[in-house]
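Please read it alongside the structure.

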Amino acid sequence: MNRDNISALLTGVGVVALIVGFAIYFNNPEINKSSLGNSDQSITSDPNSNNGISSVGLSIDKSQFKKAPEFTGITSYINTNATELSDLKGKVVLVDFWTYSCINCIRTLPYLVDWNHKYSDKGLVIVGVHSPEFEFEKNKDNVKQAVTRFGIKYPVLLDNDHGTWDAFQNSYWPRKYLVDSEGYIRYDHIGEGGYVETENAIKNLLSERSNQQGIEISNINQTKLTVPGAQSVDFNQIKTPELYFGYQYARAQLGNIEGFNPDKTVNYTIPTSNLKSNVIYLQGLWKNNPDSMELVGPDGKIILSYSSKSVNIVAGGKGEITVKEDGKNTQTNNPFKGNELDTEGKLNIDGQRLYNIADHGDYGNHHIEINAKGSGFKLYTFTFG
């Protein structure tokens, strides 16, 4: 066989192999995943397309995709009377598992609000499944206040007993599933980030739906890297993990020699030397609850050396806190002033939610001191950004 024939044969074999490879990739939910800190089962888009939507002209083998389970054990509804997944057949559905005091969830919400605004009239339905981490997050009034605060207009389902969470075999806050118009889970993203990939997957499923139903969709904007209200976070520079105050939730011991004493009230004293970073220290009379520390005396103190750009607390009860950072009061002209503190570094606790108490211009090592007043004040977690 001459060289030209050999080249032609090899070229033909290469083309066939390429076609088979693409077919396997685009139809296999296990192969089509990202491993960069999250799990993505994605639908790719045509980078040469004007709006990021690929043309879906071939039938798709969905035998390897799972059918989305029905919403199960929902205890209440917000922004809807009732929503069943089966009622949404023919729509593209984004199922978002979240809980309102979770900082990771909160940082994703501006993107969800943006997508709901852009695509709800083009066949997308977003359903927020609120699966609580803490007992106070089961309170419908608390969730309704959060829905209003975050500008959420799409349906929110209260999954207080984690029935839907379990049905989806979920283990993460936040987590997003994209369900196509025939009820198959076509995309799965764990955690924050991946916003461009997620939006491209939305647009591709909307395009697929329009082709199947003979509906023309237009005027879909380019995917945005950022949206109004979104926070930028570099996880590689956050050196302090989430820290829990409740003995059932805690992943690390307290710095105090007294340690955790389940369901007991303890008079804590902060050591005078050898304080460790990324460890909580308490002073005063505190009750050890399963999910929190509750101030029993009239005043108390919490100190922590941490490494990040911003600090949040999840707190509740009634009381007032005053925050110092690096030995200084948080005044208006200081770069570390928390978003919710007044000019004297003070904050009145007005409900069970997340509060931002320190916000720097850049990542670094810092020491924070919280002075609390008011018996009944509760602290659940420190979270960082």
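R107 is buried, at a relative accessible area of 3%; buried means under 20% relative accessible area, exposed over 50%, partly exposed in between (1.4 Å probe, protein chains only). This is a predicted model: local features need pLDDT of at least 70, side-chain atom pairs count only at pLDDT 80 or more, and totals for chains, interfaces and linings use all residues. Residues are numbered from 1 along each chain as its sequence is written, and side-chain values use heavy atoms, with hydrogens and water left out.

**Salt bridges**
- The count comes to 16 salt bridges, each a side-chain nitrogen of Lys or Arg within 4 Å of a carboxyl oxygen of Asp or Glu.
- R107 pairs with E192 in a salt bridge (2.9 Å, N to O).
- That pair links distant parts of the chain, 85 residues apart: R107 sits in helix α2 (residues 103-119), E192 in the loop between β8 (185-190) and α5 (195-213).
- Helices (H or I, at least four residues) and strands (E, at least two) are DSSP runs, numbered from the N terminus.
- E192 is buried too, at 12% relative accessible area.
- R175 and D188 form a salt bridge at 2.6 Å, N to O.
- R175 lies in strand β7 (residues 175-179) and D188 in strand β8, so the pair ties together parts 13 residues apart in sequence.

**Network**
- A network of salt bridges links K62, D180, E182, R186 and E208.
- Within R186–D180, the closest N and O atoms are 2.9 Å apart; both residues are buried.

**Strand β3**
- Y77 is in strand β3 (residues 76-78).
- Y77 and K144 are 67 residues apart in sequence and 9.6 Å apart in space, C-alpha to C-alpha.
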